[in-house]
Amino acid sequence: MTSPTSNAQQPDVSGLIAAIARNIEPGGLAKHLEPFRWAVLADYMQPLTRKRGELLIGQGDTDRKLYFLESGDLKVDMHTPKGIIHLAIVGPGSVVGEGSFFSHLARSAAVSAYSDCKVWVLTPANFDQLSHANAHVALAMCMAVGTVLATRMLDMSHRLAVI
């Protein structure tokens, strides 16, 4: 089976790998997604840039894409009937979009560029191709992103308990 970029030059994900290695957040991607796996993952992702203030994910969207942040910062906000709730600033070496990726539900929050940024996009179709061609890499990616999701959910539970 071929990858989406098998006939093209492999994308350079070295900046993303370095950002993931520098990210020391609990539950970071590096624990389950070692650098050698990115040589495979790179063939299934596309780079994307966003300028400060540009929307990356709209609350309510149903697209399920995963975004791995190489550089810059992303702002995560939830729009409610009472106003906007600021949830997080996400830095390099992290991921956004994991909730919808796993749940197949609409996006629960909006994500925009807090500063100019570069992200790597993994679409559900490309993940499906990856899982058939390289199941071990797809599993490692799921474990890494699942760890981030679980850690964020635990953190949110602690925040709500304090309020």
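Visitor: Which ring does R64 lie over, and at what distance from the ring centre?
Guide: Keep in mind that this is a predicted model. To count as sitting over a ring, the CZ of an Arg has to be within 6 Å of the ring centre and within 35 degrees of the ring normal. R64 lies over the face of F101, and the distance from the ring centre is 5.6 Å.

Visitor: Is F101 itself buried or exposed?
Guide: The cut-off for buried is under 20% relative accessible area. F101 comes in at 4%, so F101 is buried.

Visitor: What geometry does the aromatic pair of F101 and F127 have?
Guide: The centres of these two rings are 5.2 Å apart, with 85° between the planes. Planes over 60 degrees apart count as edge-to-face. That makes the pair of F101 and F127 edge-to-face.

Visitor: How many residues apart are F101 and F127, and which helices are they in?
Guide: F101 belongs to helix α3 (residues 98-103), while F127 belongs to helix α4 (residues 124-133). The pair therefore links distant parts of the chain, with F101 and F127 lying 26 residues apart, in helix α3 and helix α4.

Visitor: And F127, buried or exposed?
Guide: Its relative accessible area is 15%. Since the limit for buried is under 20%, F127 counts as buried.

Visitor: What parts of the chain does the W38 and F68 pair tie together?
Guide: A search of the whole structure finds three aromatic pairs. W38 and F68 form one that is edge-to-face, at 5.5 Å centre to centre and 85° between the planes. W38 and F68 are 30 residues apart in sequence, so the pair ties together helix α2 (residues 38-41) and strand β3 (residues 66-71).

Visitor: Are W38 and F68 buried or exposed?
Guide: Residues under 20% relative accessible area go in the buried class. Both W38 and F68 are buried.

Visitor: Which ring does R52 lie over?
Guide: R52 is 5.5 Å from the ring centre, over the face of the ring. The ring belongs to Y114.

Visitor: Zooming out, what share of the contacts with a separation of 6 or more comes from residues 24 or more positions apart?
Guide: The protein chain has five helices and eight strands, and buried residues make up 40% of its 163 residues. Of its contacts with a separation of 6 or more, the share from residues 24 or more positions apart is 78%.

Key:
Residues numbered from 1 in each chain as written. Predicted model: local features only at pLDDT ≥ 70, side-chain atom pairs only at ≥ 80, totals over all residues. Heavy atoms only, no water. Phe/Tyr/Trp six-rings, centres within 6.5 Å; stacked < 30°, edge-to-face > 60°. Helix = DSSP H or I, 4+ residues; strand = E, 2+ residues; numbered from the N terminus. Buried < 20%, exposed > 50% of the residue type's maximum accessible area, 1.4 Å probe, protein only. Contact = heavy atoms within 4.5 Å.
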